[in-house]
Amino acid sequence: MINRPLEYSLRLFGVWPDSSYQTLKTIVWAIIMLTFLVFQYWFCITHIMSSLTELLDGLSYALSNLLVFLKLIVIWLHKRMFYEILATMFEDWNNDNSTIENKRIIVDKVMLSSRITNFLIGYFGITFLLYTGLALAQLDEDQDSSEPKRRMFLIRMEFPFSATDSPCYEIILAVQFILESFIVYGAATSIALIAALMLHVGSQIDLLCQKLSQISHNSGKRSQRALMFDVVIRHQRIIQLSKNIETIFTFISLCQFLSNMLVICFISFILVVSIHMEQTTVLIMKCLPYYIAINCEAFILCYTGEYLTSKSETITKSVYNILWYNLGPQDARVIILILLRSQKLLTLTAGKFVSLSLEVFTNMLKACVSYVSVLYAMY
């Protein structure tokens, strides 16, 4: 379920179980991210009274980088639990390859997880290259113009020294491009990681429902008892795995939900205002792919919660459809307990405040439209 690009990202940020120099990677990335964020938010503070579009452009990227840093902090703090999740996925992968039907269910989810990961990495990479390419084009136009203008960076930052003199200026541009590309890579793989974990839980639920359907059609008492034991163990593993994922990613989901809402508002405002500006085409080409990427990120996050909830509902339906009258009294009691427990749906929440779903995604977009209209009226 964890493909190579996603594994390389986890190794890069020091959260893969057998990766080397984990402590060193954690310290280095913490220093890099803190330095980036200090300079970015310093720019936002010093330019709070300047152009609103310039301020929101810098603040949107600062919020995105802060979100990546918070995700890393949460995973670093819950590293042992994250390793347990990966170990459970590894054990499930080895135990569920016994039949062709089991392999088909798992491979379908693996292929979908790989497509989602590759799509996010590819689209986020294209968005970043387009953003930086247009930013460099604007820098060239400013340098070729007859009027002296303030030299801008790829990422809006403010430094405590004279950073616009050569060769310091060119070095900062190169460092920004290299480090920001890794941060964008981490942003894409972080949302792909949530999708991969949810798809694994979904594959285990599909296998559980398959086992439940086999109980009614099996006439042997011993084989029924073995299937019942397997169903109970598998159901408990699914519940425990979903709890561990919820523990790690509930705060991440809350931060991402709030960050995506703010960034969507800021970029939407820039797109609306850019219609009346001179560089309309450049601003739209620069901000529109970034706007789509943030919406895609928010949609995948909310859809994973919807997916987990809808999959957990299938457990209740599968248990309800069992021919319980063909079972013995002891096995029927176990089925009743599974039915009662399955009625408590598995959910992915944003900070324990709201269960993520497609309805939450639509409400977020409605709120963003309202905030943009207020900002535009004040502008």
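The protein has ten helices and two strands, where helices (H or I, at least four residues) and strands (E, at least two) are DSSP runs numbered from the N terminus. Along the sequence, the order reads α-α-α-α-α-α-α-α-α-β-β-α. This is a predicted model, in which local features need pLDDT of at least 70, side-chain atom pairs count only at pLDDT 80 or more, and totals for chains, interfaces and linings use all residues. Residues are numbered from 1 along each chain as its sequence is written, and side-chain values use heavy atoms, with hydrogens and water left out.

**Overall dimensions and burial**

- Taken along the principal axes, the C-alpha atoms fill a box of roughly 90 × 50 × 30 Å.
- Of the 379 residues, 52% count as buried; buried means under 20% relative accessible area, exposed means over 50%, and partly exposed lies in between (1.4 Å probe, protein chains only).

**Cavities**

- Rolling a probe the size of a water molecule over the atoms shows where empty space is left.
- On a 1 Å grid over the protein atoms alone, a cavity is a set of points where a 1.4 Å probe fits but cannot get out, and lining residues have an atom within 4 Å of a point.
- Grid points are joined across faces, edges and corners, and a volume is the space filled by probe spheres set on the points.
- The count comes to four cavities of 30 Å³ or more.
- The largest cavity has a volume of about 210 Å³, and 18 residues line it, with S64, F124, V184, A187 and Y290 nearest its centre.
- Helices α3 (52-77), α5, α6, α7 (221-274) and α8 (280-320) each give two or more residues to the lining of the largest cavity, and the largest share, five residues, comes from α3.
- That lining of the largest cavity divides into eleven nonpolar, five polar and two charged residues; Ala, Val, Leu, Ile, Met, Phe, Trp, Tyr, Cys and Pro count as nonpolar, Asp, Glu, Lys and Arg as charged, and the others, Gly among them, as polar.
- The second largest cavity has a volume of about 130 Å³, and of its 14 lining residues, L72, I75, G186, T189 and S190 are the closest to its centre.
- Elements α1, α3 and α6 give two or more residues to the lining of the second largest cavity, with α6 providing the largest share, five residues.

**A pocket**

- A pocket is an open set of points with protein on both sides within 12 Å along at least five of seven lines.
- The second largest pocket has a volume of about 360 Å³, and M1, I2, W16, M89 and F90 lie nearest its centre among its 18 lining residues.
- Helix α4 gives the most to the lining of the second largest pocket, with seven residues.
- By class, the lining of the second largest pocket holds twelve nonpolar, four polar and two charged residues.

**Salt bridges**

- Side chains of opposite charge can pair when their charged atoms come close.
- The whole structure holds eleven salt bridges, each a side-chain nitrogen of Lys or Arg within 4 Å of a carboxyl oxygen of Asp or Glu.
- E7 and R11 meet in a salt bridge (3.0 Å, N to O); they are four residues apart in helix α1, which means about one helical turn separates them.
- E7 is buried, with a relative accessible area of 10%, while R11 is partly exposed at 24%.
- R4, E7, R11 and D18 are linked in a network of salt bridges.
- K311 and D206 meet in a salt bridge (2.7 Å, N to O); K311 lies in helix α8 and D206 in helix α6, so the pair ties together parts that are 105 residues apart in sequence.
- K311 and D206 are both buried.

**Positive phi angles**

- Y21 is not a glycine, yet it has a positive phi of about 55°; its place is in the loop between α1 (4-12) and α2 (22-46).
- K352 is not a glycine either, and its phi is positive at about 65°; K352 sits in the loop between β1 (349-350) and β2 (354-355).
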